[in-house]
Amino acid sequence: MPGINLAPLNTCRRASSCLRTGLMVTFLVLWILAESIRRDDTRQPPAHLEDELDFAASDFIKSLLSLAAWFISRHLKGVQSLYITSTSLPTVEWPLLPAEFDLIADKLSSRCPQSDMVIWPLGSVRLTLSILVVGLVYALRAYTDLQTRGSVDPFTFYLVFPVTILGILVILRITAWRTFPSAFWHASILQFAGFLITRNAFVGPILPRWDLLFSFAICNSIWISLVDMVYGLHRTSPVHLMNTAVFAQSCLIHSLAYLLQPSRRILHSYHNRFSAVLQVVPLLEAAKDVVAIFIIQEFGGFTLGILSSLASTLLITVDTWKSSEAPYPATLGCLIAILGFGAYLLCGEYTGEQQLDLFLSTCRCSAAAIASLVALGYVIVTFQSLGTNSSDLSSMWMPLSDISSIGTNCRVLESSTPIRAKTIANYAHFNNVLLIVFFSHARYDGNLDFHKEVYADYFPNIVYIGPATREDKGFSHSYDVLVDSFQSDEDLSDPDFYMMAGRMAHHMLYTALREYDCYDGYLWVPFDTLLNIPRLQQFNQSLFWYHSPWGHPVPNLALGNLTEPYLNISRHAPPAMISPDPFINLTQTWKGWGPDWCDPHVGVSVCMNAFHKVPVYMRARLAGRTNGQTRLIGGSADTLYIPGRHRKAFMDVLALFLETNCFLEIATPTTVHLVVPPGEPIQFVDHWWIYQPPFNASFVRQKWAQGYEVDTFHTFHWGERGEDGAWRGDHDHVADVRHLLRESAHRQGLNDTFPVNV
């Protein structure tokens with residue numbers, strides 16, 4: 001019998017090998033690009049409702065891509081060879097004898113023994129239900145992904161991937177009865193150990209949110225395993241229709257999740273969240289997920305887990321080596337993670353032969369379904385509890401390059417210094433917040449002592465900063481104040497250059513942020529600002545606090561506890577102001593907000609020199625709030641809270657303004673609005689700036705009587721000038737402020753939980 005020419009099969013095998021390599025490389029590139037844009041452009045906040053629209057848009061793009069691929073495949077002939085994989089073709093010598101050809105056929109058929117392999121036909125009830133389940137889990141996976149990113153730092157987030165691999169191994173072992181080499185289990189554990197060592201080296205001993213990590217890993221591994229098994233049971237048909245069904249279902253789920261809660265839909269409607277960079281992310285995610293499903297179909301779910309782990313290993317390793325402050329354990333952790341990936345490669349031949357086999361039984365599938373339902377129930381409960389306790393988040397998403405700011409070398413106030421205080425027993429709302437109290441003039445006298453006597457009850461960490469020491473009070477007080485005298489001189493004699501002492505006080509803010517980098521947040525106030533503690537303890541310490549024109553009011557029990565979807569100015573203190581066009585002559589055309597917009601020495605013209613050096617994507621954030629126009633923000637800088645996770649970015653932008661003489665009350669508010677990421681709210685502080693008496697607690701009571709709230713106000717006097725013109729502190733103000741705090745606690749329904757010294 002003449003030899004059989006099967007040379008086309010060799011060509012098919014080579015083409016299939018190139019296709020497979022291309023799929024893996026494409027997935028790695030898409031994964032790394034998407035992650036790089038995510039972490040460098042903005043912190044990922046906890047999911048808001050508008051994110052459901054982003055999910056739906058991304059899924060819609062994926063559906064269109066899959067549907068287009070299905071139409072194209074229908075018009076291409078001879079593409080069936082795409083489903084013949086190189087792993088199904090043994091190496092042969094040509095020409096073949098008939099007996100040898102039969103052996104090849106037997107070997108090919110042995111890949112899927114018909115006695116154990118079940119094939120579900122297209123359109124069957126089982127396959128339809130399976131695809132519905134895949135779509136549901138896929139939609140849940142997108143939500144848990146974003147929530148986890150919004151609640152942990154990147155090094156902690158990447159711990160998910162080795163845990164996901166372990167989950168895939170367990171699920172496919174129990175459900176599909178696949179046998180994996182023990183090296184795979186060891187490699188997963190090794191990678192997890194490497195990631196954990198690196199994470200601890202940068203972030204420190206703070207425990208991660210294990211519940212969030214395991215929840216996302218569970219959801220991720222269940223979805224990958226489901227796709228592996230469901231698509232494996234229908235391997236002979238084009239995958240595009242099933243992809244379209246899964247993505248369309250997920251799109252529908254996210255759209256319904258958005259529409260079924262209309263009362264909160266406008267919460268972020270004014271944000272321009274679609275910058276040029278951010279528009280790329282849904283496209284990258286769409287392409288990445290489509291390629292991911294092809295990888296699962298061609299190689300199995302375990303290979304997708306390995307590729308995700310490889311990509312995260314590359315990112316962490318590159319960023320560790322790029323960091324000039326990377327501790328040695330971080331490098332060791334990276335090497336261990338790389339070693340773990342090497343263990344996968346040593347067993348790489350396994351992935352081509354056994355991991356696509358499916359041996360299902362009714363008992364195993366039923367047990368796996370019940371276990372998966374319980375696991376998914378745990379995931380849902382975990383993330384629902386996260387949504388109701390967002391103020392407890394202390395470790396949020398930030399660029400990897402900024403992680404070093406919270407590393408093991410961070411600095412805190414020493415317990416032996418006078419600025420480390422002892423709070424009232426059992427009060428812990430501000431335990432890891434640094435209260436920065438600044439003095440534009442060295443008028444410490446009774447001001448500092450009275451201030452500390454009141455607020456040290458609630459803030460265990462207070463730093464007083466001013467232009468001179470307190471050495472006149474003796475040695476024991478010589479370290480009461482952190483000295484920063486940068487441009488602190490005052491000269492009011494020249495009407496053309498009104499040199500106020502506090503015009504550059506934001507240099508003090510920069511100094512305090514630089515000196516103490518270990519805190520979850522930083523509350524910046526002058527010594528003569530009254531703080532309504534029962535109100536401030538209700539604010540979210542993971543967000544900025546400022547009286548922003550786009551601020552989100554914090555619900556207030558005393559005023560009806562209403563959730564306001566937007567700022568109603570008639571119900572609140574005046575917000576900060578938006579500048580006029582900085583390119584016009586402000587002196588001739590605008591007479592608002594004092595002379596400081598147009599002051600040639602400290603005004604907008606000076607500030608614009610710094611503004612133009614701010615990264616373009618940050619300027620786009622601010623322009624998104626001002627209808628695309630270039631504007632600065634100005635207003636009192638007497639109450640500002642900076643989340644620790646934004647500390648580094650805030651300092652970087654503020655430093656640009658400090659290179660100029662830009663006025664405190666333009667530079668600081670503008671920096672806030674440049675740094676805050678799109679979609680992340682600024683919590684509105686009811687801050688009042690007064691220049692007429694009463695300059696004491698009576699002002700707050702007056703505003704309460706008028707139906708307003710006072711979260712903070714400036715100017716508060718701890719004393720008054722006597723008839724002789726000399727200023728004297730009045731200790732009665734200490735008791736009055738404490739009584740005021742008790743009254744405020746009563747208004748907020750905190751009678752039994754808010755402590756007050758008497």
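Me: Two strands pair if DSSP finds at least two bridges between them. In β4, what is the bridge partner of Phe 438?

Reply: Pro 526 is the bridge partner of Phe 438 in β4. Keep in mind that this is a predicted model. Another facing pair is Leu 435 and Leu 523, the latter in β4. Both pairs belong to the link between strand β1 (residues 433-438) and β4, where six bridges join parallel strands.

Me: With which sense do β4 and strand β9 pair, and over how many bridges?

Reply: The sense there is antiparallel, and four bridges hold β4 to β9 (residues 640-643). Within that pairing, Gly 521 has Pro 643 of β9 as its bridge partner.

Me: What is the strand order of the open sheet of five strands?

Reply: Read the order across the sheet, then look for the ends. The order is β3-β2-β1-β4-β9, and the pairing is mixed. The ends are β3 (481-483) and β9, edge strands that each pair on one side only.

Me: How many residues of strand β4 are buried?

Reply: Strand β4 (residues 521-526) has six of its six residues buried, so it is mostly covered; buried means under 20% relative accessible area. Now check the two faces. One side carries Gly 521, Leu 523 and Val 525, and the other carries Tyr 522, Trp 524 and Pro 526. Both faces of β4 are covered.

Me: Which strands form the open sheet of three?

Reply: Its order is β5-β12-β11, again with mixed pairing. β5 (529-531) and β11 (687-689) are the edge strands, each pairing on one side only. Neighbouring strands here are turned by 15 degrees against each other on average, direction ignored. Then go down to the pairs. β11 and strand β12 (residues 712-714) run parallel and are joined by three bridges. Trp 689 stands opposite His 714 of β12.

Me: What follows β11, and in which loop is Pro 694 found?

Reply: Pro 694 is in the loop between β11 and α22 (697-705). Look at the backbone torsion there. The peptide bond joining Pro 693 and Pro 694 is cis, with omega about 15 degrees.

Me: On to helix pairs. At what angle do α11 and α12 pack?

Reply: Take angle and distance together. Helix α11 (residues 301-322) and helix α12 (residues 328-346) pack at about 155 degrees, with axes 10 Å apart. Angles over 145 degrees count as roughly antiparallel, so α11 is roughly antiparallel to α12. Their crossing is left-handed. The contact residues of α11 include Phe 302, Ile 306, Leu 310 and Trp 321, and those of α12 include Cys 334, Ile 338, Phe 341 and Tyr 344. By class, the contact has eleven nonpolar, four polar and no charged residues.

Me: Where do the axes of α19 and α21 come, and at what angle do they cross?

Reply: Helix α19 (residues 616-625) and helix α21 (residues 664-675) have axes that come within 7 Å and cross at roughly 100 degrees. The range 65 to 115 degrees counts as roughly perpendicular, and α19 and α21 therefore fall in that class. Met 618, Arg 619, Arg 621, Leu 622 and Arg 625 of α19 meet Thr 670, His 673, Leu 674 and Val 675 of α21. This contact divides into four nonpolar, two polar and three charged residues.

Me: Which residues of α15 are buried?

Reply: Helix α15 (residues 506-515) is mostly covered, with seven of its ten residues buried. They are His 506, His 507, Met 508, Leu 509, Thr 511, Ala 512 and Leu 513.

Me: Why does Val 133 count as partly exposed?

Reply: Compare its accessibility with the cut-offs, under 20% for buried and over 50% for exposed. Val 133 has 38% relative accessibility, so it counts as partly exposed. Val 133 is found in helix α4 (residues 125-149). Val 133 and Gln 249 lie 116 residues apart in sequence, and their C-alpha atoms are 9.8 Å apart.

Me: What does the secondary structure of the chain come to?

Reply: It comes to 23 helices and 14 strands. Of the 758 residues in the chain, 55% are buried. For sequence range, take contacts between residues at least 6 apart: 81% of these join residues at least 24 apart.

Conventions. Residues are numbered from 1 along each chain as its sequence is written. This is a predicted model: local features need pLDDT of at least 70, side-chain atom pairs count only at pLDDT 80 or more; totals for chains, interfaces and linings use all residues. Side-chain values use heavy atoms; hydrogens and water are left out. Helices (H or I, at least four residues) and strands (E, at least two) are DSSP runs, numbered from the N terminus. Axes are lines fitted to C-alpha atoms, for helices over the stretch in contact, and angles run from 0 to 180 degrees between N-to-C directions. Buried means under 20% relative accessible area, exposed over 50%, partly exposed in between (1.4 Å probe, protein chains only). Angles under 35 degrees count as roughly parallel, over 145 as roughly antiparallel, 65 to 115 as roughly perpendicular and the rest as oblique. A crossing is left-handed if the near helix is turned anticlockwise from the far one by less than a right angle, and right-handed if clockwise. Contact means heavy atoms within 4.5 Å. Ala, Val, Leu, Ile, Met, Phe, Trp, Tyr, Cys and Pro count as nonpolar, Asp, Glu, Lys and Arg as charged, and the others, Gly among them, as polar.
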